[in-house]
Amino acid sequence: MQQGIRLFPLCMINCIRRLEGNWSIGRGSSMVGCLWTKVTKSSWIVLFYCPLMKGVWRLFRKLRCGAMSIPVGALLCLLLMACFGHLTMGGNRIKVGVVDRTGRLVLPLLCDGAGACRGGRIGLQRGDVWGYASAEGQLVVSMIYHQARPFHEGRAAVSYRRRWGFIDPDGTVVVPLDYRQVKDFQEGMAAVATDSGWHLMDTTYAIRRHRPYDALVSLHGGRAAARDQGQWGYLDHHGVAVIGHQYREAGPFHNGRAVVRQGDKWGVIDLQGQLVVPFEYDHIDPFRYPLAKAQKGQQQGYLTRSGQFVLHSVSE
């Protein structure tokens, strides 16, 4: 975790943006969040300083003195930060605890970092090692790992001495830490890298029998993008190449569509590899929604799943 002076403004900004109480509650599940404060004398500054910043911000929002009100308010906040800044300097470390939705502290302010809360577990860091706590604040996985990611589909990727594997919510190692790199489980599959290349692993922790690839992305929409000899294609759940390696770049599938590139232009394909949108666009966003933002020359607009381009504006 970085010096206090670097995280202190973030704590104030969260209080200003959220406007709900004196504490900054980080994102997490419906049960837990992260509480950032200091365990030194300057914690009192966080307690009282944050409401002061919130009050200043509210004042300038109410005044509505024109376009300069927000810059002036930000400048005043910076001046106040400078007045109290010496209390956050000098090498003091930020400490992290866990609170429930009522604000009750369920894990003491003893840790140096925290990850996202997923699957009823939140990653906690102490020094250079990581472990996991439950939603009730109980440490359930000892702090022994050098890196620890959030849980996905009941498994978390962890590393020790630069080797990766997976554990379950109880901390049991379900995939030995023998891999050079791994990616999170998605749709029942995970991409794992051995010294020979990338492979697909299923929920029984068996490696799909296919040749290793240069790069591999976990499943999205039933397809996994894989790179072989500089060209991208797609595999199915069984590790079988269902769309040939012919693209310079290939994005994940969303809503049955994937954005791919040939040469300098982008197009869109379906799950069978059929071209839905020709390679004539300079940029296309993924189809996370029914429409995808796209640009063709000076024209900007949106693409439908059927490939129709709806003009939105013309760039000058």
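Asp 282 and Lys 265 join their side chains in a salt bridge, at 2.5 Å from N to O; the term stands for a side-chain nitrogen of Lys or Arg within 4 Å of a carboxyl oxygen of Asp or Glu. This is a predicted model, in which local features need pLDDT of at least 70 and side-chain atom pairs count only at pLDDT 80 or more, while totals for chains, interfaces and linings use all residues. Residues are numbered from 1 along each chain as its sequence is written, and side-chain values use heavy atoms, with hydrogens and water left out.

Let us stay with that pair for a moment. It links distant parts of the chain: Asp 282 sits in the loop between strand S22 (275-281) and strand S23 (283-284), Lys 265 belongs to strand S21 (residues 265-269), and the two are 17 residues apart. Strands here are DSSP runs of E with at least two residues, and helices are runs of H or I with at least four, numbered from the N terminus. Asp 282 is partly exposed at 33% relative accessibility, and Lys 265 is partly exposed at 32%. On this scale buried means under 20% relative accessible area, exposed means over 50%, and partly exposed lies in between, using a 1.4 Å probe and protein chains only.

Arg 261 is buried, with a relative accessible area of 12%, whereas Glu 249 is partly exposed at 33%.

Another salt bridge brings together the side chains of Arg 149 and Asp 184, at 3.8 Å from N to O. These partners come from distant parts of the chain, 35 residues apart: Arg 149 is in the loop between strand S8 (147-148) and strand S9 (156-160), and Asp 184 is in the loop between strand S12 (181-182) and strand S13 (189-193).

Strands S8 and S9 also lead us into a sheet. It is an open sheet of 4 strands in the order S8-S9-S10-S11, with antiparallel pairing. Its edge strands are S8 and strand S11 (173-179), each pairing on one side only. Two strands count as paired if DSSP finds at least two bridges between them, and S8 and S9 pair in the antiparallel sense over 2 bridges. Gln 147 has Ser 159, in S9, as its bridge partner.

Next, look at Ser 134 in strand S6 (residues 129-134). Ser 134 is buried, with a relative accessible area of 6%. Apart from its neighbours within four places in sequence, Ser 134 is in contact (heavy atoms within 4.5 Å) with Gly 120, Arg 121 and Val 140.

Most residues other than glycine have a negative phi. Gln 229, although not a glycine, has a positive phi of about 55°. Gln 229 lies in the loop between strand S16 (224-228) and strand S17 (231-235), and is exposed, with a relative accessible area of 71%. Asn 255 likewise has a positive phi, near 55°. Its place is in the loop between strand S19 (249-250) and strand S20 (258-262), and Asn 255 is partly exposed, with a relative accessible area of 45%.
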